[in-house]
Amino acid sequence: MTARLTLSQARRIALAAQGLAKERPARPATARQVGRTFARLQLLQIDSVNVLVRAHYLPFFSRLGPYDIGIVDRLAHRAPRRMVEYWAHEASYVRPGHFADLRVWQRRKWVGAAGLDPQLRQDLTERILQTLGSSRPLTARAVAARIGHAEEIARVDWGWNWNAAKRVLEDLFEQGVISAAGRTAQFERLYAPTAKVLPAGLDPLRRPDRDEAMLRLVEAAASAHGIGSARCLADYFRVPVKAAAQASAVLAGRGVLEEVEVQGWPGPLYLHPAAARLRRAMGRALLSPFDSLVFERRRLQQLFDFHYRIEIYTPADKRRFGYYVLPFLLGERICARVDLKADRAAGLLLVRGAYAEPQAPAETAVELAHELGLLAGWLGLGGVAVEDRGALAPALAGALGERLRLPAAPEELALPAASLT
């Protein structure tokens with residue numbers, strides 16, 4: 001008989017799986033806690049936008065509170081690496097054990113070298129691999145300089161202004177032949193042969209059976225989600241929905257996943273047997289626009305009744321809520337959203353807009369004020385300033401003991417796509 005759950009139960013399962021259902025540690029998180037949180041999440045999306053803080057740092061703060069971001073850098077950049085970079089939901093840090101499975105399913109040909117002259121592509125590939133094989137990790141610019149590749153590139157307003165060497169590098173990255181050994185302060189990849197990046201014992205050339213790889217990826221996604229549809233599970237690692245649906249059914253047939261029904265959430269839905277079923281969710285968190293809880297927008301709408309979109313690529317005069325808007329989770333509901341910016345020159349966390357959701361609890365402004373103060377302190381900012389934009393702004397300013405500011409003039413921030421890699 002198929003188990004039936006209420007929507008509230010499903011929410012709490014999802015939050016517990018993501019490490020967002022309980023109160024956070026009172027003390028700064030340790031390296032062990034950060035490592036365990038990453039193992040729970042399975043991946044972290046990477047993005048170059050730094051209007052607040054780099055995207056891969058914020059999920060740990062959301063779940064653990066203040067911590068040393070150097071821990072994340074060490075997990076990603078020091079051997080033996082606990083995190084390696086590859087394509088997943090988007091450009092992501094993933095568990096090293098997922099690398100080979102993702103490699104046989106990821107197809108991001110649009111970032112590669114498919115349109116290059118075949119002879120040029122072959123020549124650049126040979127020279128790049130020879131250079132990286134005998135050097136320290138290098139940026140794309142350094143690689144081009146080492147091999148003597150010079151090329152005039154037409155500039156565009158936004159997007160990837162890549163020369164042929166960079167396109168070949170990205171093609172080799174997509175194939176899994178080379179990887180990112182780290183990032184520069186400007187967030188540029190430092191390329192190296194994959195054998196130099198993966199921990200010892202993992203074969204950089206291994207290509208597992210595709211069906212078995214899909215089963216492992218779907219089970220990992222189910223563990224991270226707790227509960228979800230096949231579409232949810234596919235989107236976690238951004239693999240084909242049809243293949244993920246077939247794998248979900250296979251795993252359910254083997255008893256690895258349990259098919260369940262949730263009131264108001266169209267199925268079929270799959271529950272991971274290790275998912276915790278809490279009676280109450282007590283978390284409080286600001287969520288990055290790239291947080292794994294909010295990856296799949298349809299899931300977010302169905303599970304939390306929260307419509308969300310990232311408006312970074314929307315012209316300023318057409319944005320509804322702002323440029324870098326973070327959902328605010330309180331208990332088991334997403335009850336508000338705030339447009340945030342770290343004004344490092346002024347030493348302030350700017351709340352450029354604050355908006356409550358329908359049926360937001362009376363304590364939303366006070367709880368959000370506490371969270372913003374904690375975030376400002378973690379970012380090394382001296383205070384929080386609230387602009388008079390959004391119906392929640394007056395109450396939030398009052399809870400912070402601040403005066404409302406006049407809204408700043410709309411600004412067009414640089415689109416981040418060019419530096420995602």
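I began with Cys232, which is buried at a relative accessible area of 1%. The model I am reading is a predicted one, and I keep that in mind throughout these entries.

I then looked up Cys335 and found that this residue is buried too, with a relative accessible area of 3%. Next I asked how many disulfides there are, taking as the rule a pair of cysteine sulfur atoms within 2.5 Å, and the count comes to zero.

**The three-stranded sheet**

I turned to an open sheet of three strands, which I noted in the order β2-β4-β3 with antiparallel pairing. Its edge strands are β2, covering 43–45, and β3, covering 84–87, and each of them pairs on one side only. I also looked up the angle in this sheet and noted that neighbouring strands are turned by 35° against each other on average, with direction ignored.

Which residue in β4 is the bridge partner of Trp87? I found that the partner is Ala91.

**Arg183**

My last entry concerns Arg183, which I located in strand β5, a stretch that runs over residues 178–183. Is Arg183 buried or exposed? Arg183 has a relative accessible area of 11%, which is under the 20% cut-off, and therefore counts as buried.

I then followed the side chain of Arg183 to its contacts, and found that a polar contact of 2.6 Å joins this side chain to that of Glu85. The Arg183 side chain also reaches the backbone oxygen of Phe187, at 2.7 Å.

How values were computed
Residues are numbered from 1 along each chain as its sequence is written. This is a predicted model: local features need pLDDT of at least 70, side-chain atom pairs count only at pLDDT 80 or more; totals for chains, interfaces and linings use all residues. Side-chain values use heavy atoms; hydrogens and water are left out. Helices (H or I, at least four residues) and strands (E, at least two) are DSSP runs, numbered from the N terminus. Buried means under 20% relative accessible area, exposed over 50%, partly exposed in between (1.4 Å probe, protein chains only). A polar contact is a pair of N or O atoms within 3.5 Å; within protein, one must be able to donate a hydrogen and the other to accept it, and residues adjacent in sequence count only if both atoms are side-chain atoms. Two strands pair if DSSP finds at least two bridges between them. Axes are lines fitted to C-alpha atoms, for helices over the stretch in contact, and angles run from 0 to 180 degrees between N-to-C directions.
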